[in-house]
Amino acid sequence: MAGREDSHHRLAQLEAIRHCRAAMMSLAPVVPFVIAPFIGSFLGVLVRRIPRGESFAIGRSHCEDCQTVLKPHEMIPVLSYLLQKGKCRTCGSRIDPHHLRIELTALAVPACVIATRLLTAHEQGFPLAEADFSLPLLLADCFLGWMLLALAWIDRICMRLPDVLTLPLLLAGLAEGFVNGGTEALLDRTLGAVCGWALFALVAYGYRALRGRSGLGGGDVKLLAAGGAWIGLAALPIVVVLASAFGIVIALATTLRAQRFSMTVMIPFGPCLAAAIWLARLTLTAQ
Ligand SMILES: [Zn+2]
């Protein structure tokens with residue numbers, strides 16, 4: 001008798017664990033949306049301080065006009081800006097909408113991740129409720145998206161992809177490969193990083209040798225290496241093709257707007273590369 005009761009008890013426990021896990025799975029997509037505005041707020045600081053050569057790790061947030069240090073309730077992303085109608089509470093000067101812009105853009109990152117998962121489930125004929133929303137993978141994709149967002153934004157401002165972001169991104173990609181896919185994935189990601197680096201380093205060297213000036217920056221080389229660390233070797237060619245296509249479209253648009261043709265039109269290649277890596281990764285993890 002006692003044995004049967006035990007097994008009943010055990011079954012009930014298992015059932016409870018299953019329910020709990022199902023509830024966690026259905027909550028998982030909400031998590032990145034909740035943290036996105038806070039991440040966006042930090043990205044805003046990165047994008048503001050890195051091009052100016054300021055440290056982003058130290059120094060508390062303050063009003064850029066009156067230098068008053070912000071209180072916690074004045075630092076709630078999006079909400080504080082809206083409640084204060086975009087003005088500093090102490091001196092009334094206008095808060096740069098840059099912060100609001102990047103906080104809202106950071107929300108687009110989990111939106112893209114979830115949308116791709118749902119679209120893929122729909123295309124493959126699965127019910128949407130069965131789309132794969134494992135939290136570690138969701139967060140990994142969002143982390144990549146947020147880093148690429150900061151890099152693209154900084155490159156647009158100052159034509160630079162700082163090592164302080166590209167190199168940690170590369171290491172994070174390798175680590176993510178190992179954690180989610182074991183040694184086989186780690187090997188594939190390492191090959192992706194090495195080949196990405198070698199390919200762009202060669203192109204940069206060749207261009208400089210032929211044209212006598214640099215066409216591809218060292219930051220672009222490191223960003224493709226970081227991209228390889230997140231998507232692996234097989235997806236690398238599509239990233240290069242996509243990024244080049246984006247680059248050509250932007251160069252043409254820039255030339256048309258300037259209304260004069262030039263072979264030396266300078267465009268930041270980082271945003272093109274970031275968009276291509278992002279698209280490749282989303283398609284890979286949604287499968
Ligand atoms: Zn102020």
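How many residues does helix H5 have, and how far does it reach from its first C-alpha to its last?

**Entry 1. Helix H5**

I looked up helix H5 (residues 135-158) and found 24 residues, with a reach of 35 Å from the first C-alpha to the last. This is close to the 34 Å expected at 1.5 Å a residue; the expected span is 1.5 Å times one less than the number of residues in the helix. Helices here are DSSP runs of H or I of at least four residues, strands are runs of E of at least two, and both are numbered from the N terminus. Met159 follows H5 and has a positive phi, near 55 degrees.

**Entry 2. Basis of the entries**

I note that this is a predicted model, in which local features need pLDDT of at least 70 and side-chain atom pairs count only at pLDDT 80 or more, while totals for chains, interfaces and linings use all residues. Residues are numbered from 1 along each chain as its sequence is written.

**Entry 3. The chain as a whole**

I recorded nine helices and zero strands for the protein chain. The C-alpha atoms fill a box of roughly 90 × 55 × 35 Å, taken along the principal axes. Of the 287 residues, 30% are buried. A residue is called buried if 20 or more other C-beta atoms lie within 10 Å of its own, exposed if 12 or fewer do, and partly exposed in between, with C-beta atoms placed from the backbone. I also checked contacts, meaning pairs of residues whose C-beta atoms, placed from the backbone, lie within 7 Å. Among contacts between residues at least 6 apart in sequence, 70% join residues at least 24 apart.

**Entry 4. Domains and the UniProt feature**

The chain is divided into domain 1 (8-133) and domain 2 (164-287), with bounds from an automatic or database domain assignment. I found their C-alpha centres 26 Å apart. An unreviewed UniProt entry places the feature "domain: Prepilin type IV endopeptidase peptidase" at residues 142-252; such annotations may be inferred rather than shown by experiment, feature names are shortened, and positions are in the numbering used here. That span is 87% helix and 0% strand, and its end C-alpha atoms lie 31 Å apart.

**Entry 5. Cys88**

I located Cys88 in the loop between helix H3 (79-83) and helix H4 (98-123). Why is Cys88 classed as partly exposed? The class applies because 18 other C-beta atoms lie within 10 Å. Leaving out residues up to four places away in sequence, Cys88 touches Cys63, Asp65, Cys66, Ser93 and Ile95. Its C-alpha atom is separated by 50 Å from that of Leu191, 103 residues apart along the chain.

Gln67 is not a glycine, yet has a positive phi of about 65 degrees. I placed Gln67 in the loop between helix H2 (30-49) and H3. Is Gln67 buried or exposed? Gln67 counts as exposed because it has 9 C-beta neighbours inside 10 Å. Val78, found in the loop between H2 and H3, has a positive phi of about 60 degrees and is not a glycine either. Val78 is partly exposed, with 18 other C-beta atoms within 10 Å.

**Entry 6. Helix H8**

I compared the span of helix H8 (residues 236-258) with expectation: its 23 residues should span 33 Å at 1.5 Å a residue, and the end C-alpha atoms are 33 Å apart, which agrees. Which residues of H8 are buried? They are Leu236, Val239 and Ala243. These buried residues pack against helix H6 (163-211), helix H7 (218-231) and helix H9 (270-286). Just after H8, Gln259 takes a positive phi of about 60 degrees.

Conventions. Contact = placed C-beta atoms within 7 Å.
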